[in-house]
There are 2 protein chains.
Amino acid sequence: PAKQRTGWEIKASALSLNTHNRIRNIVEAMQIKPNPNKAMIPLSIGDPTTFGNLKAADETMKAVLRSLESGKFNGYAHTQGHETSRQAVAKYSAHQRPEGVIDPSDVLLCSGCSSALEYCILALADRGQNVLVPRPGFCLYHTLAEGLDIEVRYYELLPEQKWRADLVQLESLIDKNTAALLINNPSNPCGSVYDEAHLQQLVAICERHYIPIIADEIYEHFVFPGSRHVAVSSVTREVPVLSCGGLTKRFLVPGWRMGWIIVHDQHQRLGTAVTGLKNMCGRILGSNTIIQGALPDILTKTPQCYFDRVIETLYSNAQLAYKMLKQVRGLNPVMPNGAMYMMIGLSKEHFSAFKDDTHFVQELVNEQSVFCLPGSCFAYPGYLRIVLTVPSAMLEEACVRIAEFCYTHYKKDNRALIEDRLLED
Amino acid sequence: PAKQRTGWEIKASALSLNTHNRIRNIVEAMQIKPNPNKAMIPLSIGDPTTFGNLKAADETMKAVLRSLESGKFNGYAHTQGHETSRQAVAKYSAHQRPEGVIDPSDVLLCSGCSSALEYCILALADRGQNVLVPRPGFCLYHTLAEGLDIEVRYYELLPEQKWRADLVQLESLIDKNTAALLINNPSNPCGSVYDEAHLQQLVAICERHYIPIIADEIYEHFVFPGSRHVAVSSVTREVPVLSCGGLTKRFLVPGWRMGWIIVHDQHQRLGTAVTGLKNMCGRILGSNTIIQGALPDILTKTPQCYFDRVIETLYSNAQLAYKMLKQVRGLNPVMPNGAMYMMIGLSKEHFSAFKDDTHFVQELVNEQSVFCLPGSCFAYPGYLRIVLTVPSAMLEEACVRIAEFCYTHYKKDNRALIEDRLLED
Ligand SMILES: Cc1ncc(COP(=O)(O)O)c(C=O)c1O
Ligand SMILES: Cc1ncc(COP(=O)(O)O)c(C=O)c1O
């Protein structure tokens with residue numbers, strides 16, 4: 001072969017081409033033409049600030065204002081983030097440790113939780129290794145890993161068991177090349193919140209197989225009355241945990257891109273991986289310094305009543321949607337305990353007019369102008385995911401329309417049809 | 001081999017371990033103990049805001065204030081950045097196109113120029129391919145590429161020719177696996193500013209070999225009186241150029257992490273690489289939205305007199321340091337035409353007490369408490385790099401101390417010594 005090129009033949013790298021956004025791919029392949037007679041209701045958007053009903057707290061905003069006006073936070077920060085900002089995160093996250101104390105050097109500030117997850121996966125897993133991720137699960141894990149030839153192996157969550165992991169199936173996936181178990185608790189898209197007992201079971205598997213945990217805890221504290229968030233790192237001293245969090249959801253500021261990694265590794269079992277993580281932070285120098293400067297105040301001065309009110313809104317939306325959709329024949333909503341989503345099972349045999357969940361979603365938009373995400377976006381066909389962050393009147397209207405749609409397309413199964421006919425006769 | 005692990009053996013990924021920060025590695029290996037009798041003067045820090053003499057413009061700060069107070073920029077932006085923000089960058093950068101018009105869809109906002117560079121390199125180059133980068137040059141290129149097994153090949157800049165590239169040597173590096181030529185203009189660490197003729201020469205090579213250009217133009221417009229910044233994309237319609245820029249340097253806000261990529265590709269020769277670039281932006285969802293919201297005002301309302309004043313400061317510092325150090329035997333400063341740095345050659349034979357530039361820098365700190373970066377940090381031993389952003393009194397004092405240090409350690413060469421002796425006799 002010639003040593004030189006003889007024409008333009010630029011190609012994208014495999015990494016960049018294999019950085020797929022599954023949601024975008026699926027949504028773009030749909031043929032969507034919303035019903036012009038009905039206003040569009042998007043129950044698809046994972047941005048809680050979209051509708052204006054959920055806003056960042058005044059105290060959060062003021063903290064940023066002060067940080068900006070101080071003029072002290074325009075310069076570069078330390079690669080891991082400003083010391084005082086990391087101190088604030090360490091304090092805020094103290095409950096994640098059995099002993100209740102975190103050293104600021106164990107905190108790494110990142111550009112959003114996405115970046116935190118990217119660094120954890122990329123620092124732990126080499127090409128050809130695998131990471132266990134939940135199904136249904138947030139598609140970013142796949143997006144981040146696949147381009148680097150890191151295999152993603154799905155462990156199954158069981159809807160009938162509050163979306164707990166199928167432990168036997170999970171354990172069967174593990175081999176010498178398993179670099180990490182990724183746990184997303186509370187979960188997107190399930191809205192599930194694991195109790196301590198289940199976390200212990202997951203930790204026990206990791207301990208048995210010497211596998212570190214990446215905990216996506218971006219919905220930490222985002223739990224409904226009756227549930228309690230337990231950080232997986234707080235139930236083990238044996239298994240190293242990289243906890244990924246941030247301001248994004250709880251503080252309702254996704255655009256600010258403030259995320260973090262907290263390294264829990266009592267016995268220094270992560271070895272060189274901690275250096276690896278810190279190296280990764282040096283690639284792009286993390287997160288905006290104005291927000292870093294505001295972190296100490298954001299984390300201490302945003303009042304509990306603010307969080308309570310947000311949770312209240314989400315919880316009452318969850319109850320509303322659950323109650324309404326539970327009554328719809330062919331739908332099987334699973335009541336969430338946290339986060340901002342609800343999964344709804346579709347009874348395939350009763351909606352046989354639709355090829356799959358994606359087709360169902362497409363026709364639902366086209367007839368009713370209600371847009372949900374198909375479970376396929378979360379590697380879980382046969383379900384819909386709705387968001388609970390829309391204004392409740394909108395949610396109610398959406399549920400009415402979904403019910404109408406289901407009523408129109410619901411097909412009784414053959415036996416029922418025969419029985420009906422017999423009765424009618 | 002057993003299918004399962006039998007003990008803890010977590011290892012960092014090759015990517016994370018090979019994400020080296022050369023500056024940090026070199027600096028940390030030094031044995032530094034500044035002279036306690038002299039106040040430390042760091043001429044090493046690439047953060048222009050460190051000393052308080054250079055500050056962001058009021059207009060820049062106010063634009064962010066308005067963006068924050070609008071409450072409209074807390075949500076997620078489009079993967080590439082908000083449309084209006086990209087429009088603003090497109091307008092601001094219109095001079096980069098021969099025809100003077102850029103479409104906002106050709107703009108991708110990123111988390112700092114670092115992230116822009118990361119995406120360009122990673123989207124264009126596959127494992128085993130190579131990217132041509134300047135020597136001396138900014139070490140981040142290496143940091144970003146090496147972990148992904150993308151080879152970095154150095155083309156030489158010639159200090160005696162205003163740091164122009166050695167075109168013959170550059171061309172000799174090119175083969176079928178050359179994915180891009182990276183041009184950093186104005187340059188860190190050289191402070192050089194290329195004229196149109198030299199850019200044309202570089203473009204001609206790329207055209208001959210069908211190689212796209214990654215242009216690191218973060219110091220765009222940061223040029224001293226008498227020089228003019230020419231964007232490499234403005235001198236070609238044939239060679240695709242990915243221009244990386246941002247607010248960092250010119251607006252003196254490095255911590256804000258606002259960078260961008262502008263795709264110049266008149267003949268669509270980048271092919272799938274544009275999709276690849278956009279995919280990359282989906283990994284961590286770019287830059288802080290408050291700053292995005294402020295971009296239109298920052299880019300149009302920051303007054304020219306502000307930029308002029310900053311340039312004036314840097315230029316007069318450059319003149320001061322050049323004039324003082326030029327007189328020091330054994331030093332060979334190269335007058336910069338832009339950016340914020342000056343390179344100073346060390347006459348090896350006259351400083352034979354020192355093993356190399358790193359050793360020289362170490363002893364300079366230990367005796368005089370003046371800290372420069374050794375050229376080795378930029379793959380260019382035998383030089384020092386100083387920053388021009390410190391207050392001028394501090395710079396003057398630093399130059400006096402450097403002169404004193406050189407005077408103490410300067411060794412005449414043998415012939416000169418002999419001649420001296422003969423004269424004395
Ligand atoms: C489970 C989960 N993890 C991580 C993220 C990303 O968070 P961030 O916006 O902070 O990058 C999301 C966002 O939707 C999420 O749902
Ligand atoms: C040549 C060059 N490119 C890129 C960067 C990084 O810019 P940013 O801070 O916007 O990531 C720097 C910073 O020093 C630089 O000198």
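This is a predicted model: local features need pLDDT of at least 70, side-chain atom pairs count only at pLDDT 80 or more; totals for chains, interfaces and linings use all residues.

**Cysteines, the interface and one aspartate**

Trainee: Is Cys206(B) buried or exposed?
Mentor: Buried means under 20% relative accessible area. Cys206(B) has 2%, so the residue is buried.

Trainee: How many disulfides does the whole structure hold?
Mentor: The search covers all chains. Take Cys139(A) as a case: the nearest cysteine sulfur belongs to Cys377(A), 7.0 Å away, and Cys139(A) is in no disulfide. Over all chains the count is zero.

Trainee: How much area do chain B and chain A bury between them?
Mentor: Start with the contacts: 87 residues of chain B meet 87 residues of chain A. Carbon and sulfur atoms carry 53% of the buried area. The total is about 7,200 Å².

Trainee: Which residue forms a salt bridge with Arg283(B)?
Mentor: The count between chain B and chain A is four salt bridges. A salt bridge needs a Lys or Arg side-chain nitrogen within 4 Å of an Asp or Glu carboxyl oxygen. For Arg283(B), the closest N and O atoms are 2.6 Å apart. The partner is Glu118(A).

Trainee: Which element gives the largest share of the side of chain B that touches chain A?
Mentor: Several elements give two or more residues to that side, including α1 (14-17), α3 (58-70) and α9 (273-284) of chain B. The largest share is seven residues, and it comes from α9(B).

Trainee: How do the residues of that side of chain B divide into nonpolar, polar and charged?
Mentor: Sort them by residue type. The division is 40 nonpolar, 30 polar and 17 charged.

Trainee: Which side chain makes a polar contact with the side chain of Asp175(A)?
Mentor: Asp175(A) sits in the loop between α7 (167-173) and β6 (178-184) of chain A. Asp175(A) counts as buried, because its relative accessibility is 12%. Among the residues it touches are Arg153(A), Lys3(B) and Gln4(B). The polar contact spans 3.2 Å, and the partner is Asn130(A).

Terms used
Residues are numbered from 1 along each chain as its sequence is written. Chains are lettered from A and ligands numbered from 1 in the order in which they are written. Side-chain values use heavy atoms; hydrogens and water are left out. A disulfide is a pair of cysteine sulfur atoms within 2.5 Å. Buried means under 20% relative accessible area, exposed over 50%, partly exposed in between (1.4 Å probe, protein chains only). Contact means heavy atoms within 4.5 Å. Buried area is the accessible area (1.4 Å probe) that two parts lose on being put together, summed over both. Helices (H or I, at least four residues) and strands (E, at least two) are DSSP runs, numbered from the N terminus. Ala, Val, Leu, Ile, Met, Phe, Trp, Tyr, Cys and Pro count as nonpolar, Asp, Glu, Lys and Arg as charged, and the others, Gly among them, as polar. A polar contact is a pair of N or O atoms within 3.5 Å; within protein, one must be able to donate a hydrogen and the other to accept it, and residues adjacent in sequence count only if both atoms are side-chain atoms. Lists of a residue's contacts leave out its neighbours within four places in sequence.
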